Amino acid sequence: MFRSRVVALFVKNNSKALYNLRGTTPSRVLNEESYRFFSIGATRKCLDGFRSFSKGNYVPSIRNMSTVASVGIGNKEGLKLLVNGGPRAQKMVGIWLFGSAAWVFSMVILGGITRLTRSGLSMTDWKFTGGLPPLSDEDWLLEFEKYKQSPEYKRVNRGMSIEDFKFIYWMEYAHRMWGRALGIMFALPFSYFLRKGYITVQLGLRLSALFGLGAGQGLIGWWMVKSGLEEPASEYSQPRVSPYRLAAHLTSAFAIYCGLLWTGLSVVMPEPPSESLAWVRGAAKVKRLALPVSLLVGVTAVSGAFVAGNDAGHAYNTFPKMGDTWIPEDVFDMKPLIRNFFENTSTVQLDHRILATATLFSIGALWWSTRKFDIHPAVRSLIGSAVGMAGLQVTLGISTLLSYVPVELGTAHQAGALTLLTLMILLNHTLRRPSSSLLKSLPQVAKTI
């Protein structure tokens, strides 16, 4: 009886030193409810510590106690982690997900280079599993003959040398195989983590959906390329892929990237950075403004896909006017009216200009509106970074237009769009509401050092 009372007193008096190590959350104090639900395992660890202390060779074991305690508290308060197995498993899964997201980022960049170098239609067939590239002169001549039957060769690249063909072929081949390599790189660690029991049901379902979407990307890509292998409706038109299919392909890639990034952040940072209730309230205010701005960033990025699909960047290479006017006369020439917003070169470029300008001013307004909010420094830093990136992205867009879309600037502009989207994902993830257990332990105002 005496030993139990001493153990209880020891735990109660040192409760302020217990840290929750379930995730990368700020330290939280164990309250009285936590004390009532303190597990038997933790009590035993505490008893062992007391025995060591009584013998004069006490070694702090607070971390071990808090780990066991936090599991019970997390279950009681409703905080559910996406990964089992402790901090090491969280780190491993997080690195894998961030690596996959970075791979998708590189896929988007490589796809942009493939499009800008007009390499996407060089391969006239497709296999889900892929295959070896041409290895002999005879193989290259056979592939070249296939390409010569395509509308692009007949109308754009007639007389192309086989050396030039090899360049565009290798670009498209690299893009396809890089995507297949991503599938393998994703599937193998996924299987390993499932076998180890690290993946929870919630995370497993989410990752399975992302994997399915990634597998479908290959089909969407071929569906897009196939549209460019068909004869154009007009003899004066250049063969190009359908802008609708290109937008679907790019939007799907953006969705996979955002899903991987958000999931990776949720794995390594199950709780948002919150050190006071005042910062939580400030984050809630920012979130109401950041969500619509983030949607505008996404819409602007998708509109860029229609600019690419219609080759609209090669028209009206002036700024701020479009040629000699602010608004071209043919913006509503197509019937029905809705087609103009997706197929009319003038309208598509005008839309993208308007959306890009609106995005820049909206992010600037977000910074201006929140400059006096009591918010976490990480939130303030992300907003400032988004403002700077938005300004850089608009500058890249204008430079790309005035320079008649060189490969380097066009690629940088596409990378800038995904970078800005990344910052908005980071911002929204940081603005999440903390769990109820963390809210109960937060002070009203953050402590200053």
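## V267 and its contacts

Looking past its neighbours within four places in sequence, V267 is in contact with L82, V83, Q90, V93, G94, L97 and L203 in this predicted model.

V267 and L97 are 170 residues apart in sequence, yet their C-alpha atoms are separated by 9.0 Å. With L81 the C-alpha to C-alpha distance is 7.3 Å, across 186 residues of sequence.

## L81, in a loop

L81 belongs to the loop that runs between helix 4 (62-77) and helix 5 (86-116).

## Helix 10 against helix 11

Back to helix 10, which covers residues 243-268. Its axis and that of helix 11 come within 8 Å and cross at roughly 145 degrees; the crossing is right-handed.

Who meets whom? On the helix 10 side you'll find P243, Y244, L246, A247, L250, T251 and F254, and they meet A301, V302, A305, F306, A308 and G309 of helix 11.

## A nonpolar patch outside

Over on the surface, F332, L337, I338 and F341 make up a nonpolar patch, and together they have about 380 Å² of accessible area.

Take I338 from that group: you'll find it in the loop between helix 11 (277-309) and helix 12 (340-343). Is I338 buried or exposed? It counts as exposed, because its relative accessibility comes to 52% and the exposed class starts over 50%.

Conventions: Residues are numbered from 1 along each chain as its sequence is written. This is a predicted model: local features need pLDDT of at least 70, side-chain atom pairs count only at pLDDT 80 or more; totals for chains, interfaces and linings use all residues. Side-chain values use heavy atoms; hydrogens and water are left out. Patches are made of residues with over 30% relative accessible area and no salt bridge: like charges are joined within 9 Å, nonpolar side chains (Val, Leu, Ile, Met, Phe, Trp, Tyr) within 5 Å. Accessible areas come from the Shrake-Rupley method with a 1.4 Å probe; for residues, only the protein chains shown count as cover. A salt bridge is a side-chain nitrogen of Lys or Arg within 4 Å of a carboxyl oxygen of Asp or Glu. Helices (H or I, at least four residues) and strands (E, at least two) are DSSP runs, numbered from the N terminus. Buried means under 20% relative accessible area, exposed over 50%, partly exposed in between (1.4 Å probe, protein chains only). Axes are lines fitted to C-alpha atoms, for helices over the stretch in contact, and angles run from 0 to 180 degrees between N-to-C directions. A crossing is left-handed if the near helix is turned anticlockwise from the far one by less than a right angle, and right-handed if clockwise. Contact means heavy atoms within 4.5 Å.
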